[in-house]
Amino acid sequence: MNLNATIIGQSITFFFFVWFCMKFIWPLVGAAMRERQETIAAGLRASEEADQKLALAASNAEEELTTAKAEASAIIEQARARASQMVEEAKTEARGEGERLVEAAKAEIEQEVNRAKESLRAQVAELVVTGAERIIEDSVDADKHDAMLKKLAAEL
Amino acid sequence: MSSETKTTSDYIQHHLTNLTYGQHPDGHWGFAHSAAEVAEMGFWSINVDSMLWSIGLGLLFALVFRRAAVHATSGVPSGLQNMVEMIVEFIEDTTSSIFHYKNDLIAPLAMTIFVWVFLMNAMDLVPVDWLPELAVALGVSHMKVVPSTDPNITMAMALSVFALILYYSIKQKGPVGFIKELTLHPFPSIFAIPVNFLLEFVSLIAKPLSLGLRLFGNMYAGEMIFILIALMFGGGIVYALFGGVLQWVWAVFHVLVITLQAFIFAVLTVVYLAQAHDTEEH
C-alpha cells in the first residue's frame with residue numbers, strides 16, 4: 001500500500017463526476033419524476049371530479065325523468081278530461097238534434113194530417129153537396145147553401 | 001495460474017501490483033515493472049490502471065445516466081429510465097431521511113458515490129485473470145482492474161468528502177463556531193479544552209480514515225480471496241472444480257458485499273455532511 005499522485009487524480013475525477021451529476025443528471029431526472037407525479041395526481045383528481053359529475057348527472061336525470069313522468073300523466077289526464085267532455089258535448093248535441101228532428105217530423109205529420117183533414121173535409125162537403133143534390137135534385141142552390149155546407153164540412 | 005514458470009507468490013504479487021507510471025531512481029520516466037520499483041518512485045507517480053478504470057467507470061455512470069436524464073419523460077418510463085429513476089428515488093429517500101437541510105449537492109453527491117463505487121466494486125466479479133492476462137497479452141505488464149482495491153482511490157474519495165465536511169462545517173457554523181465545537185465539546189469548560197480537542201479531533205480525523213479504509217479493506221480482502229481461489233485452478237482437475245464452486249459461492253456473496261459497501265460509503269458521506277450542518281448544541 002503506497003500512496004501516490006493517484007490520490008490527487010482521483011480527487012479531481014471525483015469532484016468532476018459529482019459536479020456533472022449535480023448539473024446534468026439529477027435535475028433532469030428529478031424534474032421528470034415530479035412532472036409525472038403531478039400528472040398522476042391531476043389524473044386522479046380529474047377522475048374523482050368525473051365521478052362526482054357522473055353522480056350529479058345521474059341524480060339530475062332521475063329528477064328530470066320524474067318531472068317528465070308527472071308532466072306526461074298530467075297531459076294524459078287533461079286529454080282524458082277533454083275527450084269525455086267532447087263526448088258529453090257530442091251526446092248533448094246529438095240529443096238536441098234528435099229532438100229537433102222529432103219535433104220537425106211531428107210538426108210535418110201534424111201539417112200533413114191537417115192538410116189531409118182539410119182535403120177530406122172539402123171532399124166530404126162536395127160529396128155531401130153532390131149527395132144532397134142527388135137527393136133533392138136541383139133544389140139546392142149551391143150559392144145559397146154554400147155557407148151552410150161549409151159549416152157542415154167544418155163540423156165533420 | 002498464468003504460466004508454469006511463475007511461483008504462487010509471484011502470481012499473487014503480480015495481481016496486487018498496479019500499473020504505475022513515474023520517475024525511476026535513475027531519472028527516466030516510465031512504467032514500474034515490480035512492486036519494488038513502484039515503491040522507489042515515491043509520491044509523484046500515478047497508478048494508470050486505477051485511474052483509467054476509475055475514470056472509465058465514472059464515464060459509464062455519467063453517460064448512461066445522462067442519456068436516461070435527457071430522454072426522461074413524465075410519461076410511462078421505459079427500461080433504462082426506470083432503472084435510473086429507481087436509483088434516484090432510492091437515494092432521495094435515503095438522503096432525505098438523514099439530511100434535513102437544504103443543499104442541492106447532497107443527493108447527487110450520494111448518488112455519484114453509490115453508483116460509481118458500486119461499478120468499481122463490481123469489477124471484482126470479473127474473473128481475476130481475464131483482464132490482467134489480456135493486458136499481458138497486449139504487452140502491458142500489470143493491470144489491477146478493481147479501482148476500489150487501490151487505497152489511493154478510496155482515500156481520495158474519503159478525503160474529498162472530508163474536504164466537503166470541513167467546508168460545510170465552517171460555512172454553517174463559522175470558523176469560530178467550528179473551533180468552539182472542536183474545543184468545548186463534550187465538556188463545556190475552559191479547562192477541558194485539551195481533552196475536548198483531543199477527543200473531537202480524533203473523531204473528526206477518524207471519519208475520512210474509516211470511510212476510505214473500510215471500502216479499501218473490504219474490497220482488498222475480497223479480491224485477495226478471489227486470487228487465492230484462482231490459485232486452485234492450477235492444482236489439477238479436482239482442485240479446479242472445487243475452486244470453481246468456491247469462486248461461484250464467493251462471487252454470490254460478494255454481490256452483497258459490493259452493494260453494501262457502496263451503500264455504506266454513500267450513507268456515511270450523507271451522515272457526516274449532516275453532522276457538519278448541525279449547528280445546535282449536542
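The model is predicted, so local features need pLDDT of at least 70 and side-chain atom pairs count only at pLDDT 80 or more, while totals for chains, interfaces and linings use all residues. Residues are numbered from 1 along each chain as its sequence is written, chains are lettered from A and ligands numbered from 1 in the order in which they are written, and side-chain values use heavy atoms, leaving out hydrogens and water.

**Chain B overall**

- Chain B has nine helices and three strands; helices (H or I, at least four residues) and strands (E, at least two) are DSSP runs numbered from the N terminus.
- Along the sequence, the elements of chain B follow the pattern α-β-β-α-β-α-α-α-α-α-α-α.
- The C-alpha trace of chain B spans about 65 × 60 × 40 Å along its principal axes.

**Helix packing in chain B**

- Helix 5 (residues 106-122) of chain B packs against helix 7 (residues 151-183) of chain B at an angle of about 175°, with the axes 12 Å apart. Axes are lines fitted to C-alpha atoms, for helices over the stretch in contact, and angles run from 0 to 180 degrees between N-to-C directions.
- Helix 5 and helix 7 of chain B are therefore roughly antiparallel; angles under 35 degrees count as roughly parallel, over 145 as roughly antiparallel, 65 to 115 as roughly perpendicular and the rest as oblique.
- In this pair, Leu109(B), Ile113(B), Trp116(B), Val117(B) and Met120(B) of helix 5 meet Ile153(B), Met157(B), Val161(B) and Leu164(B) of helix 7, where contact means heavy atoms within 4.5 Å.
- The residues of the contact between helix 5 and helix 7 of chain B are nine nonpolar, no polar and no charged. Ala, Val, Leu, Ile, Met, Phe, Trp, Tyr, Cys and Pro count as nonpolar, Asp, Glu, Lys and Arg as charged, and the others, Gly among them, as polar.
- Helix 3 and helix 4 of chain B pack at about 105°, with axes 9 Å apart, and are therefore roughly perpendicular to each other.
- Val64(B), Phe65(B), Arg67(B) and Ala68(B) of helix 3 make this contact with Leu80(B), Gln81(B), Met83(B), Val84(B) and Ile87(B) of helix 4. These residues divide into seven nonpolar, one polar and one charged.

**Interface of chain B and chain A**

- The contact takes 56 residues from chain B and 30 residues from chain A.
- The two chains bury about 3,600 Å² between them, 75% of it on carbon and sulfur atoms; buried area is the accessible area (1.4 Å probe) that two parts lose on being put together, summed over both.
- One salt bridge is found across the interface, joining the side chains of Glu85(B) and Arg36(A) at 2.8 Å, N to O. A salt bridge is a side-chain nitrogen of Lys or Arg within 4 Å of a carboxyl oxygen of Asp or Glu.

**Salt bridges over all chains**

- The count over all chains is seven salt bridges.
- One of them joins Arg100(A) and Glu97(A), with the closest N and O atoms 2.2 Å apart.
- Arg100(A) and Glu97(A) both lie in helix 1 (residues 6-136) of chain A, three residues or about one helix turn apart.
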